[in-house]
Amino acid sequence: MDVAMNVGHFLERAALVYPDRTAIVDEPDLPGSWGRVTYRELHARAQGLGAALREEGLIEGARIAIVSPNSARFLACFFGVSGSGRVLVPINFRLNAEEVAFIVEHSGAELVFFDPEVASSVEGLTVKTIALDGNADASYFQPLGDREPVTWEANEGATCSINYTSGTTARPKGVELTHRNCWMNATTFGWHLAVSDRDVLLHTLPMFHANGWGMPYAATAMGARHVVLRKVDGEEILRRIEAEGVTLLCCAPAVVAAVLDAEQARREAGTSRPSLHAIRVVVAGAPPPSKVIERVEAELNWEFIQIYGLTETSPLLTVNRTRAEWDGLSGAERAKLLSRAGVPAVGVEIAIDDEGEVLARSNHVFRSYWNQPDATNDALAGGWFHTGDGGYLDGPTTVITDRKKDVIITGGENVSSIEVEDCLFQHASVAEAAVIGVPDEHWGEMVTALVVLRPGATTTPEELIAFCKEHLAHFKAPKQVLLREELARTATGKLQKYKLRQEFWRDEQRQVH
Ligand code: AMP
């Protein structure tokens, strides 16, 4: 028997098995906060959302976008939109109006939910926008009541979500993840982390980023409790962990560093309260320094788990979790082993091609880039997904060493160098520009622009940074602009990025941070 995989099933199961449990603790101090919601209620609200979309004529396959920091409503959308056969388009809430408009238009979204805090980013859209403020959105998120639930004849090859990601092109590409992709990723991920109904997941990862890595699906399926966090702050993370008994969180290395700083401040102030149970922290986005891993175990008493993957792979590809064989090792030795990307997750095959690029095959590799057949064919050439990451295999373990694509990862988010260069070139004083990532303690990589000014121009680095902030989401703007007389180029005039990066990366073991 083949029963089609539908992510909606995860919430249906939770509502059936754990109806009275708290499913989600919404951010408490917000107008329109849902407070604490049981699985019965979350399910009824997700069903209500499906019915509201149907009543509005948004049929199966229709795209519904959301621009919002983490929230209970966002979690409901994973099920109410995708579970009813509609397609969710989660958009990075840090993007500006022009960037959001591009995604809305490109994806063909017919309805856009937005958080009031980022209202300016949906200004000027020509499609219907609904503020998630507890009033304007009331008819969308009310429990189903006596309305007919939407019955969707699930098709696991149907698109579940389109997640836009910055890559090798100036414009982001829409990664089309199917129900099967998301389902397999969630169950495999949940298996590797041993997610259970005793877990409490703190949403330190933005839900828009690869659907929160699929963890919202996995945790829901098991009836675990979700704790919403809108804004990353080390001390606040420690407080929520204590208040809600959090057992599991996923984040970029920069967030781990913020938590370590907060814990250190507590120790210095004599207010440290070491956690009594082991908390699992799952880290990806960049290779975490082994010192940070060691400190996570020694100072926080948490278990450190590294994964590696991409939006295109839903995202789980490899996992690195301490094994029984490593129990006798010193903290430093174990941290060194854990600092590598890890071994293939169940159902994943990893290979390295002749040029050192990491290739992958798995049920969670995406189907296509939305409306970009050429980019899809390139990415999936030869039946393997080309990650754009450089690395090697040490036995079964993948080690990521550099990035073949022109992408900078800063604070866990991707920035396309080309997009920032395009922006700089719009400034009348800029003759040449190269944007690279340089290693940085806080950001992992810091967006840095090397700029040659036009003869006679007197523009300052500060002015160029301000110019980029005006035109791009702030996280994409260079943190530093360095003025140069010339930039290294090949004989054919191509920028030699690796040469430009050299002076900043010379002392690093790896070319990614
Ligand atoms: P995204 O699609 O935004 O999730 O970004 C995926 C990219 O993040 C990958 O292609 C890698 O360059 C990087 N990445 C993710 N996890 C790791 C990791 N564990 N180690 C090194 N780089 C990583």
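# Close-up views of a predicted model

View A. The backbone oxygen of proline 315 sits 2.6 Å from a polar side-chain atom of threonine 313. As a friendly reminder, everything shown here comes from a predicted model. Threonine 313 belongs to the loop between strand 13 and strand 14 (316-320). Is this threonine 313 buried or exposed? Threonine 313 counts as buried, because its relative accessibility is 0% and the cut-off for buried is under 20%.

**View B. Asparagine 185 reaching serine 314.** Here the side chain of asparagine 185 comes within reach of a backbone atom, the oxygen of serine 314, at 2.8 Å. Asparagine 185 is part of helix 6, which covers residues 179-193. Its relative accessible area is 0%, so asparagine 185 is buried.

View C. How many residues are around the ligand, and which come nearest? There are 18 residues around the ligand, and Gln306, Ile307, Thr311, Asp389 and Lys405 come nearest. The residues of this shell divide into eight nonpolar, seven polar and three charged. Strand 13 (303-309) and strand 20 (397-403) each give the shell at least two residues. Strand 13 makes the largest contribution, with four residues.

**View D. Polar side chains at the ligand.** For lysine 405, an N or O atom of the side chain is 2.6 Å from a ligand oxygen. For threonine 311, the corresponding distance from a side-chain N or O atom to a ligand oxygen is 2.8 Å. For arginine 403, a polar side-chain atom lies 3.2 Å from an oxygen of the ligand. How much of the ligand does the protein bury? Taken alone, the ligand exposes 500 Å², and the protein buries 95% of that.

**View E. A salt bridge between lysine 128 and glutamate 56.** The closest N and O atoms of lysine 128 and glutamate 56 are 3.3 Å apart, and the two residues form a salt bridge. Where in the chain do the two partners lie? Lysine 128 is in strand 6 (residues 128-131), while glutamate 56 is in the loop between helix 2 (39-55) and strand 3 (63-67). The pair links distant parts of the chain, 72 residues apart. Lysine 128 is partly exposed at a relative accessible area of 40%, and glutamate 56 is also partly exposed, with 32% relative accessibility.

View F. Glutamate 235 and arginine 266 form a salt bridge, with their closest N and O atoms 3.0 Å apart. Glutamate 235 is partly exposed, at a relative accessible area of 26%, whereas arginine 266 counts as buried at 5% relative accessibility. The two also belong to a network of salt bridges that links Glu27, Glu235, Glu236, Arg239, Arg240, Glu242, Arg266 and Arg273. For the model as a whole, the count of salt bridges comes to 35.

**View G. Glutamate 349 and arginine 361 across two strands.** A salt bridge of 3.3 Å, N to O, joins the side chains of glutamate 349 and arginine 361. Glutamate 349 lies in strand 16 (residues 349-352) and arginine 361 in strand 17 (residues 357-361), so the pair ties together parts twelve residues apart in sequence. Glutamate 349 is partly exposed, with a relative accessible area of 41%, and arginine 361 is partly exposed too, at 37%.

**View H. Domains, and a surface loop residue.** The domain assignment of the protein chain gives domain 1 (1-20 + 35-178), domain 2 (349-403) and domain 3 (407-505). The C-alpha centres of domain 2 and domain 3 are 27 Å apart. Serine 120 is found in the loop between strand 5 (111-114) and strand 6. This serine 120 is partly exposed, at a relative accessible area of 49%.

Definitions and conventions:
Residues numbered from 1 in each chain as written. Predicted model: local features only at pLDDT ≥ 70, side-chain atom pairs only at ≥ 80, totals over all residues. Heavy atoms only, no water. Salt bridge = Lys/Arg side-chain N within 4 Å of Asp/Glu carboxyl O. Buried < 20%, exposed > 50% of the residue type's maximum accessible area, 1.4 Å probe, protein only. Near = heavy atom within 4 Å. Polar contact = N/O pair within 3.5 Å; in protein donor to acceptor, adjacent residues only side chain to side chain. Areas by Shrake-Rupley, 256 points an atom, 1.4 Å probe, with all protein chains shown as cover. Nonpolar A, V, L, I, M, F, W, Y, C, P; charged D, E, K, R; others polar. Domains from an automatic or database assignment.
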